[in-house]
Amino acid sequence: MTSPRALVSGAGIAGLSTAFWLGRAGWDVTVLERFGTFRDGGQNIDIRGAARDVLSRMGLEEAVRSRGTTEEGTAVLDGAGRVIARFPVEDPDGPTAELEILRGDLARVILDALPGNVTVRYDDQIVGVRDEGSHVDVTSASGTTERHDLLVIAEGVRSRTRDLVFGSAVGRRELGVTMAYGTIPRTGDDDRWWRWYSAAGGRQITLRPDRTGTTRATLAFTGGDRDLAALPLDEARAALRDVFRGAGWQADRVVAGFAASDDVYLDRLTQIGMPSWSAGRVCVTGDAAWCVTPLGGGGTSLAMVGGYVLAASLTQAQPDVALTRYEQWMRPLIDDAQKLPPGTPGLFYPDSALGVRALRLAVRVGSLGVLRRVTARIGHVARTDRPLPEMAG
């Protein structure tokens, strides 16, 4: 009997996790990636909630732990850069999770563990999709048209293939926050804590440790008439210098570091909402289906859980029924992660100096005694009391 064939578009965490589990379930899988090579680098990410169970079932927990970022906790700073609140790692899903790893390191761990029936093809992308009911014909930029039993779109929040297939059914909620991520040289003042600093004007700076001897930095801000993420990188870097002029603390260091770094990218935070994650023999997963953004948190964990639940559902039923079950199981987790606290993003990115002081006071109080455990629950995403569906067969 011929094994079913799946094409997974996108070799990020969502795509690789889905390919891993589909391969484990007996599918012949091709992963299509538009970039020419595997992408190392990226920022600190974490594995939370049900994703820890998924990671354990993959047999990769020790590999992830051995590549941890060494982050000891989260610290909030005042206007002078002094620590006013600390949240050490004492909750596996706290602000700093028990399992913290660089995006590229996690992707590499999964890539190296892919079953033998999974092939990754780089420097190619989808340009045409024709769903025939019992199968889907996919045309790639390389000029080939291939027939598959299932197409899984895992290309991320800006997915072109998702838009090609689902069109106006894709809903977007702009959150009004732009984030710039990059890797900068480590200095003697950098420690093993995730340091948060807020400045008036809806601006925020964070610095995080890694295991490679550098520092992972983020510049985030609200508002702005231009979408800096859509600009050429050199123009975006110049614009960041203007936005963070006078912000204080280590703003100048990060802006200068980004100007010299080849590991910088920007994103305008956008939640994705879709009435259905599948149509015929095509489905979406990860950020392409439900981007929760860093404000919702848990994007990596939800991507890993989604890949497992999709594959498990396909071992239990035919694709039309399986895709419905996959969505029914995942929806509660996604709906919970996309519900942001009232006042977001202004609550976390205050515009006025008074708002910044109020935020610092609230965080400082929340870090004291028993309240610290309550405050840490903000990181409790991708959690559920429901058992994961089992792989049949």
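In β15, G182 finds its bridge partner in A217. That pair sits in a predicted model, where local features need pLDDT of at least 70, side-chain atom pairs count only at pLDDT 80 or more, and totals for chains, interfaces and linings use all residues. Residues are numbered from 1 along each chain as its sequence is written, and side-chain values use heavy atoms, with hydrogens and water left out. The protein has 13 helices and 18 strands; these are DSSP runs numbered from the N terminus, with helices being H or I of at least four residues and strands E of at least two.

**Overall build**

- The radius of gyration is 21 Å, close to the 21 Å that the globule rule gives for 393 residues, so the protein is as compact as a globular protein of that length. Here the radius is taken over C-alpha atoms, and the globule rule is 2.2 Å times the number of residues to the power 0.38.
- Along its principal axes, the C-alpha trace spans about 65 × 45 × 40 Å.
- Of the 393 residues, 53% count as buried, where buried means under 20% relative accessible area, exposed over 50%, and partly exposed in between (1.4 Å probe, protein chains only).
- Take contacts (heavy atoms within 4.5 Å) between residues at least 6 apart in sequence: 73% of them join residues at least 24 apart.

**Around β15**

- Strand β15 (residues 214-222) has 7 of its 9 residues buried, so it is largely enclosed by the rest of the structure.
- Strand β12 (residues 171-185) runs antiparallel to β15, and 9 bridges join the two. Strands count as paired if DSSP finds at least two bridges between them.
- β14 also pairs with β15 in the antiparallel sense, over 7 bridges, and R208 has R216 in β15 as its bridge partner.
- The hairpin of β14 and β15 has 4 residues between the strands, and G213 there takes a positive phi near 90°.
- Q204 belongs to strand β14 (residues 203-209) and is buried, with a relative accessible area of 5%.
- Setting aside neighbours within four places in sequence, Q204 is in contact with residues including W196, Y197, T218, L219, F244 and Y349.

**Other strand pairings**

- An open sheet with mixed pairing is formed by 6 strands, in the order β7-β2-β1-β11-β18-β17. Its edge strands, β7 (118-122) and β17 (278-279), each pair on one side only.
- Strand β2 (residues 28-33) runs parallel to β7, with 5 bridges joining them; V29 stands opposite V118 in β7.
- Strands β8 (residues 126-131) and β9 (residues 136-140) pair in the antiparallel sense over 5 bridges, and G128 has T139 in β9 as its bridge partner.
- β8 and β9 make a hairpin with 4 residues between them, where G133 in the turn has a positive phi of about 90°.

**Nonpolar cores**

- The largest nonpolar core has 76 residues, and L22, L106, W277, W290, V305 and M330 touch the most other members. A core of this kind is a set of buried Ala, Val, Leu, Ile, Met, Phe, Trp, Tyr and Cys residues joined through side-chain atoms within 4.5 Å.
- Helix α10 (residues 299-316) supplies the largest share of this core, 10 residues.
- Apart from it lies another core, of 22 residues, among them L77, F221, F244 and V264.
- Neighbours within four places in sequence aside, the contacts of W277 include F166, C283, W290, Y326, M330 and I334.

**Helix α2**

- In helix α2 (residues 50-58), the buried residues are A50, A51, V54, L55 and M58. They cover an arc of only 145° around the axis, which puts them on the same side of α2; the arc is that of the directions from the helix axis to the C-beta atoms.
- Those buried residues pack against α1 (13-24), α3 (61-65), α4 (103-112) and α10.
- G59 follows α2 and has a positive phi, near 75°.

**Cysteines**

- The disulfide count comes to 0, with a disulfide taken as a pair of cysteine sulfur atoms within 2.5 Å.
- For C283, the closest cysteine sulfur is that of C291, and at 17 Å it is too far for a bond.
- C283 counts as buried at 0% relative accessibility, and C291 counts as buried at 6%.
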